[in-house]
Structure formats: structure tokens, C-alpha cells
Amino acid sequence: MQTDAIGISKTFLRRALQGLTKSGAEAFAMKFVVRISQCPILMEFDAHLIQRELKHDWPHRIKLVSVTGIDFAGRIHDINDITTYVANWPDVYEIDPRTGFPFVYNGRDFRIKAKAPRAQLLEQQLLADLMRMARLRLYACDKEGIQVVVETGIGLGVFAGRHIGIDARVRALSARAIRQVLEEDGAIFENIVAIVFALPIFANDLREGRRDDVYQAFVDEFDRSKYKGCVPVLIADQDMHRLTVWIAMSGYRVSELNPADSHGVFGEYWQNRGPAVEEKLALTTVGLLVQHHLINPHVLDMDHYRLVSMKTPTTPL
């Protein structure tokens with residue numbers, strides 16, 4: 001957890017992990033919180049059980065890393081994502097004259113104005129915070145002794161802002177952020193020896209005659225920049241469970257990434273049986289047992305929290 005993010009303290013974290021974050025600044029601060037737990041995988045995403053025996057040790061080499069992404073879906077809880085990164089948000093959304101902020105429909109959603117202009121991203125601010133988020137979670141993984149980090153897209157699907165015309169830039173900046181962090185910080189890692197991006201291609205999504213999805217955004221970024229980092233990178237059209245299990249069976253300590261909700265509760269909507277990645281993780285791993293506050297009392301034990309400042313990234317957790 002990062003102390004130089006506004007409002008983060010151990011008391012705040014304890015409240016947040018009970019789902020008590022408030023809309024706006026508190027939800028925004030959750031982007032700079034990383035939760036890591038040992039978390040064996042029970043089954044593939046197709047619900048086929050993974051066979052194992054008690055003598056097997058590979059399940060214990062898997063850790064689940066839960067982090068919150070940036071949300072451009074336009075919802076009241078994450079209003080600061082819109083006001084922080086979209087320069088012309090008053091022109092894009094219907095405004096409530098009583099508050100001066102986007103009007104909230106059905107208690108949750110913002111509505112785009114008729115004939116609204118394309119949203120204008122504050123790209124430097126967005127890139128800086130995406131790098132801050134990537135740097136924090138890789139630092140935490142390294143200090144937890146993880147050797148192979150399996151990443152996936154965070155907020156790069158329905159939350160990337162396609163309806164306001166920014167999704168392609170958000171994906172590109174997300175790829176650039178972690179590429180730059182790997183180039184800048186790779187040499188100081190003590191345990192991380194490889195990064196794997198699990199970015200399955202679900203559909204033939206084309207824009208102007210070329211692929212326009214998360215996989216392509218990361219391939220383009222790492223190829224065009226001629227990636228110069230010392231940590232090897234694999235970008236794979238494969239789901240993260242399959243990759244993570246294979247890596248653990250090969251003898252490495254490995255993590256996989258959970259795109260968490262800014263409300264703070266693991267697998268908050270798991271009863272819906274999907275379709276989001278977090279709900280699928282709740283149903284296919286022991287994540288509910290290790291990261292849900294109602295099941296594991298240690299989630300609310302502040303002695304397990306570590307506050308760090310990324311101004312001094314070599315500070316021990």
C-alpha cells in the first residue's frame with residue numbers, strides 16, 4: 001500500500017477491505033493498494049478441476065495479487081477517475097446543476113450528452129499514475145519472493161472508455177506504463193526473473209482494418225519501442241490460470257493478477273457467477289477463503305498491512 005496516495009492509512013485500509021470506501025477520493029486511493037495472498041487454483045476457467053495429490057507442492061507456489069484499475073465506465077463510485085483523467089468531462093456528461101458534477105442515474109451511472117464530443121484524456125497524468133500503479137505492484141511482488149509475474153489487462157475491457165472514444169489510448173498507455181517501469185526498475189528486482197502477459201483474444205475486434213484489442217496494444221508497444229528491459233517478457237494469447245499453473249508446476253513461485261473492485265471486497269459479485277475476471281477467480285481459486293474479510297479474519301488485522309512510499313522503491317516492506 002502506498003503512503004503518498006491521498007488518504008491511505010492502516011485505519012483506512014481496514015475500513016476499505018470491508019467494502020466501506022466512499023465514492024470519490026477514497027475509491028480513487030484504492031488504485032494504490034496491492035493485496036497479495038497465497039492462493040491455490042482449484043480449476044481451469046472452463047470449470048474442469050485440476051487433479052492434484054496431497055504430496056504436490058506446486059499449488060503453494062501460487063499467489064494472487066489483487067489490484068484496482070482505472071474505471072472509465074462512468075459511475076458515481078469512481079467519479080474521480082473521470083474528473084482526474086478526462087479534461088472535458090463537463091462537455092461529455094450530463095451535469096447536475098445542483099452539484100456541478102455528472103448527473104447520477106439509477107443511483108450509479110453517468111449519462112453522455114447527446115452529440116457529446118470525444119473525451120480528451122489528460123495523458124501525462126494518466127501515464128504517470130499507471131506507472132505508479134505498475135511500479136507498486138511489481139515492487140510488492142518482488143518483495144514477496146515472486147519469481148514469475150503473470151499480468152493481465154486491468155480496466156482495459158468494458159472500463160477502458162470505448163463509449164467516450166478513449167479505449168485505444170487507454171490500452172496503449174497501460175502497455176507503455178508497464179514497459180517503462182520494467183525498463184527503469186528491472187535491474188533492481190531481487191526475485192522477479194520474468195513477466196508473462198496473459199491476454200487472450202476473445203473476438204476479431206478490428207478498427208480501421210487492424211486488430212484493436214489488449215493483446216495487440218501490448219504487442220505493438222513492446223515491439224515498436226524495441227523493449228530494452230533486462231527482465232524477459234512473454235505476451236501470450238492464453239488465459240492466466242493455465243499459464244500460472246504450468247509455471248508453478250515448473251518449480252517457480254508465481255503470481256496471477258486479479259482486477260479488483262474499488263469497493264475493496266474480494267469477489268464482490270461472485271454470486272453472479274461472472275462474467276468479470278474477479279468473479280471467475282472467486283469461483284475457481286481459494287480467493288474467497290484468503291481475501292474476503294467475512295471468511296478470513298486476518299484480512300482486517302492491521303499488523304499484516306505494510307505502508308510504503310514509491311519515492312524510495314528499495315525500502316523493505
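User: At what angle do α6 and helix α7 pack?

Analyst: In this predicted model, α6 and helix α7 (residues 214–224) pack at an angle of about 45 degrees. Their axes are 9 Å apart. Axes are lines fitted to C-alpha atoms, for helices over the stretch in contact, and angles run from 0 to 180 degrees between N-to-C directions. Helices (H or I, at least four residues) and strands (E, at least two) are DSSP runs, numbered from the N terminus.

User: What do we call the way α6 and α7 lie to each other?

Analyst: α6 and α7 are oblique to each other. Angles under 35 degrees count as roughly parallel, over 145 as roughly antiparallel, 65 to 115 as roughly perpendicular, and the rest as oblique.

User: Is the crossing of α6 and α7 left-handed or right-handed?

Analyst: The crossing of α6 and α7 is right-handed.

User: Which residues of α6 and α7 meet?

Analyst: From α6, they include Ala172, Ile178 and Leu182. From α7, Val214, Ala217, Phe218, Glu221 and Phe222 take part. Contact means heavy atoms within 4.5 Å. By class, the contact of α6 with α7 has 8 nonpolar, 1 polar and 4 charged residues. Ala, Val, Leu, Ile, Met, Phe, Trp, Tyr, Cys and Pro count as nonpolar, Asp, Glu, Lys and Arg as charged, and the others, Gly among them, as polar.

User: OK, and how do α5 and α6 pack?

Analyst: Helix α5 (residues 123–143) and helix α6 (residues 167–185) pack at about 50 degrees, with axes 8 Å apart. They are therefore oblique to each other. α5 passes α6 in a right-handed crossing. The residues of this contact divide into 12 nonpolar, 2 polar and 7 charged.

User: New topic. Where is Ile192?

Analyst: Ile192 sits in the loop between α6 and β4 (194–198).

User: Buried or exposed, that Ile192?

Analyst: Ile192 is buried, at 6% relative accessibility. Buried means under 20% relative accessible area, exposed over 50%, partly exposed in between (1.4 Å probe, protein chains only).

User: What does Ile192 touch?

Analyst: Not counting residues up to four places away in sequence, Ile192 touches Leu138, Cys141, Asp142, Ile146, Gln147, Val149 and Val231. Take Asp142: Ile192 and Asp142 are 50 residues apart in sequence. In space they are 5.7 Å apart, C-alpha to C-alpha.

User: How many disulfides are there?

Analyst: A search of the whole structure finds 0 disulfides. A disulfide is a pair of cysteine sulfur atoms within 2.5 Å. For Cys141, the nearest cysteine sulfur is that of Cys39, 13 Å away. For Cys230, the nearest is that of Cys141, 16 Å away.

User: How accessible are Cys141 and Cys230?

Analyst: Cys141 is buried, with a relative accessible area of 2%. Cys230 counts as exposed, at 53%.

User: What about Ser37: which strand is it in?

Analyst: Ser37 lies in strand β1 (residues 34–38). Ser37 is buried, with a relative accessible area of 16%. Beyond its neighbours within four places in sequence, its contacts are Ile62, Lys63, Leu64, Val290 and Gln291.

User: Last one. Which residues are buried in helix α9?

Analyst: In α9 (residues 277–284), Glu278, Glu279, Leu281, Ala282 and Thr284 are buried. They pack against β2 (62–68), α8 (240–249), β8 (254–260) and α10 (287–291).

Notes: Residues are numbered from 1 along each chain as its sequence is written. This is a predicted model: local features need pLDDT of at least 70, side-chain atom pairs count only at pLDDT 80 or more; totals for chains, interfaces and linings use all residues. Side-chain values use heavy atoms; hydrogens and water are left out. A crossing is left-handed if the near helix is turned anticlockwise from the far one by less than a right angle, and right-handed if clockwise.
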